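Keep the structure in view as you go.

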Amino acid sequence: MGFKCGIVGLPNVGKSTLFNALTESAAAQAANYPFCTIEPNVGDVPVPDPRLNNLAEIAKSAQTLPTRLTFVDIAGLVRGASKGEGLGNQFLAHIREVDAIAYVLRCFDDPDVVHVDGKVDPIADAETIETELMLADLDSVERRIPTLEKKIRGQDKEAKKTLALVEHVLPLLRDGKPARHATVADEDRVAFRALGLLTSKPILYVCNVDEAAAATGNEYSRAVEERTGIEGAGCVTISAKIESELAELDAEERKTYLAELGLAEPGLNRMIQEGYELLDLITYFTAGPKEARAWTIPQGTRAPQAAGAIHTDFEKGFIRAETIAYDDYVALGGETGARDAGKMRLEGKDYVVQDGDVLHGSSDLERGLFFGNAARFRPDFCTTGSTTTGVAADGMPSGGVTPMDT
């Protein structure tokens, strides 16, 4: 799985400029007038992780395949969007399926860039966005009630459960509180997420500052950070203009420019780090002669479900995995060195995969799936039906390998 993030904000806050920079494209029309982004823009970008390059070098992988981050940029919202003002409300459906929502907030002064409300106030902007999303959610759940009641009269048990969740969250929305404040039982979380409520999703505040404040922030961004502490949201300070300039430079030029600005890394990296922390995500790896690949899973995922991120057959047939910690894999020069040093261990179905797992290659890679903590699903351990299913070096199921083939 990857990380999908919706991007919302008022017009002229630098939202589309940031989107362009992050995706290194000009798909979103970055212009100084409201509603210039009419159709939603979707950008898919690789997640930078130096560990993947280290693994690829050790495994002598022909190519590296990072995990992906998807941004969905929609038209700028304005006060009253939920009632038809502006264009943003027409496209909120496009971000109902995202994992988190980034609120891009203007935290810079510029008389040449008009603010839709006439003044720079990121806290007020955040409240406007939140209000419009809550009103959109309120409209969504109220519209569902008649249909759910009709299904319940037809003895639909699932509809009864859904209506109970709707009635649980409805008072909160009517009271001007986001759906994420609702207390939901563990067994109801999947059904609650299926409601697609915008305000049930984690928030990442993105403070768009001018170049001078990119490294240190300013009074506007600090006010947002205080709000973040109260709400438990994520927050990152970025200069969309700098990110736009970085997108046009090669790797070495980027390093030089970042150093001159006093920045350790691009804004994209910080957004990903904040997003991963907000969503409690980790990365594990697979590696071999043909490729080294990164995979994203939730923190606390057990080995069978981690295998399922690659192919559902691996989850169904999983029995146990050979596991090597990332640091051991790197320090000992790969799978062979780790095995010889006694650092490879067998883990079963209850094993919780750790961040930094690596995929390594060996002579029987074409017959087995290797994955991070450098874990390997071997064909003699992972069976589906009468056959043993593996993964080839290119990450695709090899299938049809029986225990006798080993």
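**Exercise 1: Cysteines**

Cys107 has 0% relative accessibility, so this residue counts as buried. (Buried means under 20% relative accessible area, exposed over 50%, partly exposed in between, with a 1.4 Å probe and protein chains only.) The model is predicted: local features need pLDDT of at least 70, side-chain atom pairs count only at pLDDT 80 or more, and totals for chains, interfaces and linings use all residues. Residues are numbered from 1 along each chain as its sequence is written, and side-chain values use heavy atoms, with hydrogens and water left out.

Task: explain why Cys107 and Cys207 are too far apart for a bond.

Step 1. A disulfide is a pair of cysteine sulfur atoms within 2.5 Å.
Step 2. The closest cysteine sulfur to that of Cys107 is in Cys207, 4.1 Å away, so it is too far for a bond.
Step 3. Now take Cys207, also buried at 0% relative accessible area. Its closest cysteine sulfur is in Cys235, at 3.9 Å, again too far for a bond.
Step 4. Searching the whole structure gives zero disulfides.

**Exercise 2: Core**

Step 1. A nonpolar core is a set of buried Ala, Val, Leu, Ile, Met, Phe, Trp, Tyr and Cys residues joined through side-chain atoms within 4.5 Å.
Step 2. The largest one holds 51 residues. Phe71, Tyr103, Tyr205, Val206 and Met271 have the most contacts inside it.
Step 3. Another core lies apart, with 19 residues, including Leu138 and Phe192.
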